Amino acid sequence: MSVRVTEEVVRWSLRYCSRRSPVQLRSFLLTTSIKERSFPSQQFAHIWGTRQSQTCLDRSPVSSVRFYSRGGIDSQDLEEKEHVSSPMGQSSLIQSDERSSAFLDHLRHCGSPSDVLDLASQYSPTVRQVSNSLTHMWSTTKKMSDDQRRYELQLMFEHPEFDKLLQKAMKSVGHMRSDDLAYSLLGMVKLGVPQGSRVVQTFLRACQENLNDFDEKGLSILASCLEHMEGNANVSALKEGMRLVVEARLPRIKNVMALQTMMRLLGKDAPLDLKRKLERKALSMTDQFSLPNTQYMIFTMAAMGFYSKPLLDVCSKTIKENLHGIPFNRLYKVLQSCRELQYRDLDLLTGISEYIASIMDIWTKKQVVLFLSVFDNLAFCPASLMEAFAKMVIANPDALTLKDLLCVLKVYSSLNYDLQHQRQQFLESLSRALDSYLPKMSGFELLKAVYHLCLLGHFPSAPLEQLLQSTTLEKFSTTAPKFLPNQERMFQTVNLCLGLERPPLPQPVTVPPSVLGDPVPSSPPVNPWLSQDLQSVLGDQADSMLQEMVVVENFYLIDAVITKPLPSQTSVTEAGSRAGEECPPAESSQRIAVICTPHSAFCHGTSNPRGPLAVKIRHLKILGYNPVLVTEQELQSEEKRTAFLRGRIYPEHLSSDTQPKGDHRGS
């Protein structure tokens, strides 16, 4: 008997010691640590926040805040563990395993958080089962509608077993494996357990203390959890600890998804040298990239705010080759991420647009409009998609909602795509759809619609007349100052379109000066490169005259106006106008308007000007100017730019074999 007693004493001592983790160098991981792996045994109590109201759950499932006090492993839990380990408890081990298996079988069939809580009330969940329960409770809500999820979460918070399960989680935190810690924390955060509550903060501190024990999978789960958490001392400390752990373990990471998750966690605040290390690691693993990996890598780089062209090119190539296997949400998010990163792969964008156009029947109008919008944000003109969608609109314009209609007008006017023989029919279809919404539209929505139609060179009378009614114009007097410049610019453009293009309308309409603001544009300084090179080009042309920074119609700014004789003439009549003023040419001369534009003023990969530049060219031609567009990039080469400008301004002086091969934009 004494031998048995001695064995029991030794066994108890070993178990007590086994709960003590060895001291590790974790000073960088902790702000507030858990004092002991086993908490003092005391009764658990919960304290309701002052703003307690479970009925607020229809607004947010976490509006009721419970703070759980720290406690310990109660004697009952300890006795259960000792009983299983003792010689007398060996006979009940099989029974315990059967109960565990039965619990997991029942858990798999639970369809809501309340079902899981009902099950937990019938058993005494083990440490692992507590984690499984919290994870399964969250997973049951993922496929629910928003309304159903709110209702189920309200039932969960009101369930008496929910308190007990969280108390059990706190009692078990010191004995959980790293994966269970991460999954439990993720489940609680996803279920809406308040992030400032004692139970969540205790799990955060436990993760800090045991961070060195987390494997690649555990770190990945923890990173996913921290992505959705608000910043506080424990979250910040855990993120900083994870950054150091990830940097130290980076060479040993072998799983692509784990790498991407940790990249997202490190985020935009990660040091550039660490981002470069992550880039090199990702490039070394490209042979492992699956199709989803390539998509998530682009999402991840957008989340980090990190542009890596080699990595993006690898991902783009895989996506281009497998477009048919990508659902709408991911394809749309790929385009959004490309926009955030300012990454424009012409082959990728063309491939996606043609793929969408080829199977447009399976997309909803809303989905196609979203695609068109993100293409516009990328300054890319999806020609095949725009043609296919125009046919859809012509066939059924009434299917467009007001929001979709405004978006379509913006996209087609911004990208300035020529629909050729479909153009008039398409614009008339849009106008009919717009007329049906006129009674419901706000003043600013109406202004945007008319502005985009004017950019397209289309002037339906009904929206114009309604916009310019005194009752509508009065609404614009209360516009907030930050929106006023954009509003005035749109009114100025509408006014110019009506004045210069003179559309045939049932009754004349005019834009009152009260909404035009100050139409004179601010005059930027003269471009020194352009000025010097133009003077050099005109140096040996005695019959030509140069004017710089000319303002036309109190709205359009022209970098330079060159008045020169017509090719068939040998001399030009003296204009006698001062520099900086608009000078009408003689009948025997022509005016060339040299406009220096950024590359962003054109659709990506083309020489097609976008909306505002296109209407400027249109109006300058009406005023008798011959626009010549020069991009900022074309002026970068000091050796070639003089010859380049001479070829644009005096093409008649070049022989056919020396004329530039590029497209003479705007000429």
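This is a predicted model: local features need pLDDT of at least 70, side-chain atom pairs count only at pLDDT 80 or more; totals for chains, interfaces and linings use all residues.
Close-up 1. Residues are numbered from 1 along each chain as its sequence is written, and side-chain values use heavy atoms, with hydrogens and water left out. Helices (H or I, at least four residues) and strands (E, at least two) are DSSP runs, numbered from the N terminus. Helix α22 covers residues 443–455, and its 13 residues reach 18 Å from first C-alpha to last, close to the 18 Å expected at 1.5 Å a residue (the expected span is 1.5 Å times one less than the number of residues). Ten of the 13 residues are buried, so α22 is largely enclosed by the rest of the structure. Buried means under 20% relative accessible area, exposed over 50%, and partly exposed in between, with a 1.4 Å probe and protein chains only. Among the buried ones are Gly443, Leu446, Tyr451 and His452. What do they pack against? The buried residues of α22 touch α20 (402–415), α21 (423–437), α23 (461–467), α24 (470–474), α25 (484–501) and α27, with contact meaning heavy atoms within 4.5 Å.

Close-up 2. Strands β3 (residues 545–552) and β4 run antiparallel, joined by seven bridges; two strands pair if DSSP finds at least two bridges between them. Val552 has Tyr556 in β4 as its bridge partner. Three residues sit between the strands of this hairpin, and Glu553 in the turn has a positive phi of about 55 degrees. As for cover, ten of the ten residues of β4 are buried.

Close-up 3. Nine of the nine residues of β5 (residues 589–597) are buried, so the strand is largely enclosed by the rest of the structure. In a regular strand the side chains alternate between the two faces of the sheet. Here Ser589, Arg591, Ala593, Ile595 and Thr597 point one way, while Gln590, Ile592, Val594 and Cys596 point the other way. β5 pairs with β4 (residues 556–565) in the antiparallel sense over six bridges, and Pro565 stands opposite Ser589. With β6 (residues 625–631), β5 pairs in the parallel sense over seven bridges; Arg591 has Tyr625 as its bridge partner there.

**Close-up 4. Aromatic pairs.** A search of the whole structure turns up 13 aromatic pairs. Rings of Phe, Tyr and Trp (its six-membered ring) pair if their centres lie within 6.5 Å; planes under 30 degrees apart count as stacked, over 60 as edge-to-face and the rest as tilted. Phe328 and Tyr332 are stacked, at 5.8 Å centre to centre and 10 degrees between the planes. Both lie in helix α16 (residues 328–341), four residues apart, about one turn of the helix, and both are buried. The rings of Phe375 and Phe380 have centres 5.5 Å apart and planes at 50 degrees, so this pair is tilted. Ring pairs also link Phe328, Tyr332, Trp363 and Phe371 into a cluster.

**Close-up 5. Lysines over rings.** Lys142 lies over the face of Trp138, at 4.5 Å from the ring centre. Lys333 lies over the face of Phe299, at 4.8 Å from the ring centre. The test asks for NZ of Lys or CZ of Arg within 6 Å of the ring centre and within 35 degrees of the ring normal.
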